[in-house]
Amino acid sequence: MSGTKPRTLYDKIFDAHLVETLPDGTALLYIDRHLVHEVTSPQAFEGLRMAKRPVRRLEGTVAVVDHNIATDASRYTGIDDPESRVQVETLERNVKEFNVPYIPLTDARQGIVHVIGPEQGLSLPGMTIVCGDSHTSTHGALGALAFGIGTSEVEHVLATQTLLQKRAKNMRVTVEGALPAGCTAKDIVLAIIGKIGTAGGNGHVIEYAGSTIRALDMAGRFSVCNMSIEAGARAGMIAPDQTTFDYVKGRPHAPKGEYFDRAVEWWKTLPTDEGAVFDKEVFLDAAEIVPMVSWGTSPEDVLPITGTVPNPEEGADEARRAQLRRMVDYMGLTPGQKLTDLKVDVVFIGSCTNSRIEDMRAAAAIARGRRVAEGVRAMVVPGSGLVKLQAEQEGLDAVFKEAGFEWREAGCSMCLGMNPDKLTPGQRCASTSNRNFEGRQGPGGRTHLCSPAMAAAAAVTGRLTDVREIAEGKH
Ligand SMILES: CC(C)[C@H](C(=O)O)[C@@H](O)C(=O)O
Ligand code: SF4
């Protein structure tokens, strides 16, 4: 502990969970919540089995399937792909054998691990939260320390409920001012990564601060923290405030009554102290943010939708020029081409970045009374069964279906090519997910990351579109 020295949100949660510091300076941290999915857990359970160890703290652990499952009715009749099938069946066997709490496919609460954690109140402010998944940073939006771990660490947490960690450096990204029309949390985080690059957060935990961040609802905060890993950071966090407490209150696993009030008292002590020093600080003026879209194959290769495809020959050095040439080629682009001239084949609205009810509403607002353009496949994939139910209660499914969108079951879906929802080679997709790597949505697929409203706009016009034109009645 650092006595009266002003501390950051990250330092406070880290210190509160410190079991001991090893001679080499590595910290042993207590882990409050361990989320488990089918991709990164098989060898971890196998390790326990071989060592004849039980899961140390069952009530701190919860498992769900999300990556490998289909998002149509075929999900209930078995998985065709052998690798996917083995992963799902293995998880189901493991949770039975080890008694781990499990949310099965047939349960309305099933969904993407980073959507259901907060939704169920399993992820709470002040917690340490881990999962064998890089986008665990999402949960940091609650004012928690949440990060992805590798499979051997999954085994360590299962066995001991602790984790060995090196303390990260503190970085603060401050965004100030009112968000311009047509812009969302997704545009904020794409703009941040565009500015600091995919290595900008290396070795750091990012705290997002400033009036623009404070004004975001929880869904927006999850979107921002979700992509911290795309900026190279270990985790992303936002200080808990009234927005957080209101979100958490009444959730199934959140503390109740007097316990909730006591928890809030502690949560209120977590925000970074006045005078705490950050190792790195970045500032953004919200007024400069415009609806963003990625054009290349890395999340830092983003541009305002009003932009044009860069000319690789203008790259700073030969390495960058070669990289730009490759991206332009892979993405099937011509330098100087207007981004709004790019025709899309597929639109994907979903993923742990943008599949909450607020995202569904934002996309539906654009879809309402319009039609998906000829030849475009547009799919909407809610992040959980409960998001799906809520959207249906609000009539959003009808809005989407009338407009020609597919309305699917919850899962990771086309965010990554691990289940039947895939792009075919050469297909161009406007996607609300978080990664645009080569082949990410299927071999040869071309991904353009954007917000739900921007993705819906692309669906109805058939090309990348400035959502502000829709608001102006141009489409
Ligand atoms: C499958 C899993 C390990 C992976 C991750 O860690 O992020 C996936 O969720 C992803 O988004 O690429
Ligand atoms: S939705 Fe995408 S990013 Fe999120 S956990 Fe699933 S595969 Fe990973």
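Cys-352 is a buried residue because 27 other C-beta atoms lie within 10 Å of its own (buried means 20 or more such atoms, exposed 12 or fewer, and partly exposed in between, with C-beta atoms placed from the backbone). The model is predicted, so local features need pLDDT of at least 70 and side-chain atom pairs count only at pLDDT 80 or more, while totals for chains, interfaces and linings use all residues. Residues are numbered from 1 along each chain as its sequence is written, and chains are lettered from A and ligands numbered from 1 in the order in which they are written. The chain has an average pLDDT of 97, with 99% of the residues scoring at least 70 (pLDDT is the predictor's confidence in each residue, from 0 to 100). The ipTM is 0.99 and the pTM 0.98.

Cys-352 sits in the loop that joins strand E15 (346-349) to helix H12 (357-367); helices (H or I, at least four residues) and strands (E, at least two) are DSSP runs numbered from the N terminus. Beyond residues up to four places away in sequence, Cys-352 touches Ile-112, His-114, Val-115, His-135, Thr-138, Asn-226 and Gly-383, contact being C-beta atoms, placed from the backbone, within 7 Å. Cys-412 lies in the loop between strand E17 (406-407) and strand E18 (428-431), and Cys-412 also counts as buried because it has 30 C-beta neighbours inside 10 Å. Leaving aside neighbours within four places in sequence, the contacts of Cys-412 are Asp-66, His-67, Ile-112, Ser-351, Met-418 and Asn-419.

An unreviewed UniProt entry places the feature "binding site" at Cys-352, Cys-412 and Cys-415. These positions are spread over 64 residues of sequence, yet they cluster in space, with a largest C-alpha distance of 8.7 Å. UniProt positions follow the numbering used here, feature names are shortened, and annotations may be inferred rather than shown by experiment.

Next comes the ligand. Ligand 2 is surrounded by 13 residues, the closest being Ser-351, Cys-352, Cys-412, Cys-415 and Leu-416 (near means a C-beta atom, placed from the backbone, within 6 Å). This shell holds five nonpolar, six polar and two charged residues; Ala, Val, Leu, Ile, Met, Phe, Trp, Tyr, Cys and Pro count as nonpolar, Asp, Glu, Lys and Arg as charged, and the others, Gly among them, as polar. Domain 1 (9-165) and domain 3 (294-471) each supply at least three residues of the shell, with bounds from an automatic or database domain assignment.

Between domain 1 and domain 3, 21 residues of the former are in contact with 21 of the latter. Helix H4 (residues 113-119) gives the largest share of the domain 1 side, four residues.

Definitions and conventions. Two residues are in contact if their C-beta atoms, placed from the backbone, lie within 7 Å.
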